[in-house]
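Subject: Structure handover

Hello,

Here is the structure I promised to pass on. Please open it next to this email and follow along.

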Amino acid sequence: MGILEKIQEIEREISRTQKNKATEYHLGLLKAKIAKLRQQLLEPSGKTGQKSTLLNTMTSTHSESASYEFTTLTCIPGVIEYNGANIQLLDLPGIIEGAAQGKGRGRQVIAVARTADLIIIMLDATKGDIQRELLEKELEEVGIRLNTRKPNIYFKQKKGGGISFNSMVPLTKTNEKMVQLILHEYKIFNAEVLFREDCSSDEFVDVILGNRVYMPCLYVYNKIDQISIEEVDRLARQPHTVVVSCNMKMNLDYLLEEMWEHLALLRVYTKKRGERPDFEDGLILRRGATVEHVCHVIHRSIAETFKYALVWGQSAKYSPQRVGLSHFMADEDVIQIVKK
């Protein structure tokens, strides 16, 4: 029996099994087995179906587009210039149901998606919610977790000593027995496990596998000019969602704002003593960047001769504020670095 057949057989068993307290451990093990088989399926060898219209509308790149789906057959790059940053947008072939198992070049498409900083799922506003659910399922099956963070679980395999299990919070979604059963399913008999938050069995399996990717995702509904105002309002109120019309060029500015926000980027402007800030050539950094990161971006030797910095902007308690290397920067801050 092949891997796909084994997965289908376990899925049928899960659907047949009544969900109650008595079957909790059995269902948990079945889910762990499916995750293990899916991992094996990927070893030999989304971003989802961005319609080419978006790439053509927002960049100067031409990507074949038509009124039907899946007109993009290869990965086509384009560049969006926004807030002084060059953001690369990759137009990928559309994913179909079964992409996680390799249908429609699904593995190649998903492999590119795993390396991105942001996934944009292009959806047709004239169709139902099932398209979004199917695409999420395909990405979920290959270990891409959308708009969520890594479970706060400490896990380390050891050479001996058995399984050490501890929890810092009350667990409502799993327990020690289930954790041990899952570990034995993966032939792990010596390990340290510490739950720092209330996580599920599925999340613990993700931690064991260690190859899950946690990525921000924007759901972009196109063709809103073809649906009712009430439906536009319903879609727009969903989390991480932007509604647009590429044909009418509606709401594309807001899409760019949301892309910037989900990429967690910020701009920092440098200033020399006695001069005005250089607003023409800002530094593009990740949210959470410190003064030390700024130094490294300018030149790697600056941190070694760093004395202090003066910062103007949102991160400063007063302007200017004298800060050290560990000070966190905010968007559109101005910084002047003083060396020894």
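Below is what was found, taken part by part.

Please note that this is a predicted model.

**The three-stranded sheet**

Start with the open sheet of three strands. Its order is S3-S9-S10, and the pairing is parallel. Strand S3 (119-124) and strand S10 (241-243) stand at the edges. Each has a single partner strand, so one side of each has no neighbour in the sheet. On average, neighbouring strands here are turned by 25° against each other, direction ignored.

Look next at the pairing of S3 with strand S9, which covers residues 217-222. Six bridges join these two parallel strands. Within this pair, Ile120 stands opposite Leu218 in S9.

Two helices belong in this picture. Helix H9 (residues 252-263) packs on the sheet and touches S3, S9 and S10. The direction of H9 makes about 165° with that of S9. Helix H8 (residues 229-236) lies across S9 and S10. H8 runs at about 155° to S10.

**Helix H7 and what follows**

Helix H7 spans residues 201-209. Which residues of H7 are buried? They are Ser201, Phe204, Val205, Asp206, Val207 and Ile208. Just after H7 comes Gly210, which takes a positive phi of about 70°.

Is Asp206 buried or exposed? Asp206 is buried, with a relative accessible area of 8%. Arg212 is buried too, at 14%.

**Other salt bridges**

How many salt bridges are there? The count comes to 14. Two further examples follow.

One is in helix H5, residues 130-141. The side chains of Arg132 and Glu136 meet there, at 3.4 Å from N to O. Why are the two separated by about one helical turn? Because they are four residues apart in H5. In general, an α-helix has 3.6 residues a turn, so residues three or four places apart point the same way. Arg132 is buried, with a relative accessible area of 14%. Glu136 counts as partly exposed, at 26% relative accessibility.

Another joins Arg267 and Asp331, whose closest N and O atoms are 2.9 Å apart. Arg267 lies in strand S11 (residues 265-270). Asp331 lies in the loop between strand S14 (321-323) and strand S15 (333-339). The pair therefore ties together parts that are 64 residues apart in sequence. Arg267 is buried, with a relative accessible area of 11%. Asp331 counts as partly exposed, at 21% relative accessibility.

**Strand S13**

Finish at strand S13, residues 306-312. Five of its seven residues are buried, so S13 is largely enclosed by the rest of the structure.

Which way do S13 and S15 run? They run antiparallel, and six bridges join them. Phe306 stands opposite Lys339 in S15. S13 and S14 run antiparallel as well, with three bridges between them. There, Ala309 has Val323 in S14 as its bridge partner.

Best wishes

Key:
Residues numbered from 1 in each chain as written. Predicted model: local features only at pLDDT ≥ 70, side-chain atom pairs only at ≥ 80, totals over all residues. Heavy atoms only, no water. Buried < 20%, exposed > 50% of the residue type's maximum accessible area, 1.4 Å probe, protein only. Pairing = 2+ DSSP bridges. Axes fitted to C-alpha atoms, helices over the stretch in contact; angles between N-to-C directions. Contact = heavy atoms within 4.5 Å. Salt bridge = Lys/Arg side-chain N within 4 Å of Asp/Glu carboxyl O.
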